[in-house]
Amino acid sequence: MQIALAPMEGLVDEILRDILTSVGGVDWCVTEFIRVSDRLLPASSFHKLAPELRHGATTRAGTALRVQLLGSDPVLLAENAALACSLGAPAIDLNFGCPAKTVNKSRGGAVLLKEPELLHAILQAVRRSVPSSIPVTAKMRLGFDSPDGALDCARALVEGGAEQLVVHARTKVEGYKPPAHWEWVARVQEVVSVPVYANGDIWSVEDWQRCREVSTAENIMLGRGLVYRPDLAQQIAAARRGEALEPMSWADLQPLLADFWLQARRKLSPRYAPGRLKQWLSMLTRSYPEAVELFVRLRRENDCERLDALLGVDSPAFIDAAS
């Protein structure tokens, strides 16, 4: 069984990847998508969203990082994939699942599920451009507005060279509305010979158990469920081994929250660091009642030093100088 941390634009950046993988249970993670539109990107574009490339392409906990590309031009995607590999990417992932309107309007993400032939061409071009030892994988939804073409898309991706598929079990139009259609993951697995990961609506160990039963998938990708409950991967991994694990308490979470804030202080400007803290804390309120009280206390606070005090951390003055 493998558990992956999903790529989520504007949320799971290098800081949150570092924090969540430090808890345990995550086998690999993925960058936010790197947009490929009209040129070969400079190395700086990769290092901006995947700074882990400078440190062996792993998080601090040693969790492997895959570089995800998004675009529609097979040649450009192939060229950028080759560059990413030269910079140290241990795997290339291709995004055919993003539902954002701005992305889809410029022929990126889930809109490409309308064109199975193009999916095949992209995978084929990328597979040929990178060393044979480096896996090429793909993430897809069930379709744009209907799952009727999901099996054709899955076949196209695998026949083009995808060695693994993650299936977010909703269409683009459904967005993130429940339920996820886990039964379609089982149908996809029936028509392809590579491992298929189930993704969508796994918020608890009980959800994972139901997902596994319906989807037949041994492997999963966790997104918002892991952000809301940082020990979810660890809990699921323990359940898979038949073990019971004490859930992470609010007290257990405090060092992670402090670490997150200190990293945000160091890596982001004082203008943006508070917003990142509030973003994650607001999501933690789903799982921790104590987070509600803390969020209320700091929601209108934007002074970094006062936030230090509210969080009980001793932040060196030099952190105010964003890197």
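Two residues are taken to be in contact when heavy atoms of one lie within 4.5 Å of heavy atoms of the other. The structure discussed here is a predicted model. With neighbours within four places in sequence set aside, H120 is in contact with A156, E159 and G160. Along the chain, H120 and E190 stand 70 residues apart, and their C-alpha atoms are separated by 19 Å.

Two packed helices are described by the angle between their axes and the distance between the axes. The axes of helix 5 and helix 6 (residues 150-160) come within 7 Å and cross at roughly 20°. Angles under 35 degrees count as roughly parallel, and helix 5 and helix 6 are therefore roughly parallel to each other. Their crossing is right-handed. On the side of helix 5, the contact is made by P116, L119, H120, L123, Q124 and R127, and on the side of helix 6 by D152, C153, A156, L157, E159 and G160. Sorted by class, the residues of this contact comprise six nonpolar, three polar and three charged.

Helix 5 also packs against helix 3. The axes of helix 3 (residues 74-86) and helix 5 (residues 116-129) come within 8 Å, and the crossing angle is roughly 30°. That angle makes helix 3 roughly parallel to helix 5. The crossing of helix 3 and helix 5 is right-handed. Helix 3 contributes P74, L77, A78, A81 and A82, which meet L118, A121, I122, A125, V126 and S129 of helix 5. The residues of this contact divide into 10 nonpolar and one polar, with no charged residue.

Beside this packing lies a loop residue, S72. S72 is placed in the loop between strand 4 (64-70) and helix 3. Its relative accessibility is 17%, so S72 counts as buried. Beyond its neighbours within four places in sequence, S72 is in contact with L77, R107, L112, L118 and I122. Among these partners, L77 of helix 3 and L118 and I122 of helix 5 also take part in the contact of the two helices. A polar atom of the S72 side chain lies 3.3 Å from the backbone oxygen of R107.

Helix 1 (residues 14-23) is mostly covered, with eight of its 10 residues buried. The buried residues of helix 1 are I15, L16, R17, D18, I19, L20, T21 and V23. Just after helix 1, the backbone at G24 takes a positive phi of about 115°. In helix 10 (residues 232-240), the buried residues include L232, A233, Q235, I236, A237 and A238. The buried residues of helix 10 pack against strand 1 (3-5), helix 8, strand 9 (219-222) and helix 9 (224-228). Just after helix 10, G242 takes a positive phi of about 80°.

Positive phi values also occur at residues other than glycine. Phi of A57 is near 60°, although A57 is not a glycine. A57 is located in the loop between helix 2 (43-49) and strand 4, and its relative accessible area of 1% places A57 among the buried residues. D201 likewise has a positive phi, of about 65°, without being a glycine. The position of D201 is in the loop between strand 8 (196-199) and helix 8 (205-215). With a relative accessible area of 15%, D201 is buried.

The bond from P178 to P179 is cis, with omega near 5°. P179 is placed in the loop between strand 7 (165-168) and helix 7 (183-191).

Note on methods:
Residues numbered from 1 in each chain as written. Heavy atoms only, no water. Axes fitted to C-alpha atoms, helices over the stretch in contact; angles between N-to-C directions. Helix = DSSP H or I, 4+ residues; strand = E, 2+ residues; numbered from the N terminus. Parallel < 35°, antiparallel > 145°, perpendicular 65-115°, else oblique. Left-handed = near helix turned anticlockwise from the far one by under 90°. Nonpolar A, V, L, I, M, F, W, Y, C, P; charged D, E, K, R; others polar. Buried < 20%, exposed > 50% of the residue type's maximum accessible area, 1.4 Å probe, protein only. Polar contact = N/O pair within 3.5 Å; in protein donor to acceptor, adjacent residues only side chain to side chain.
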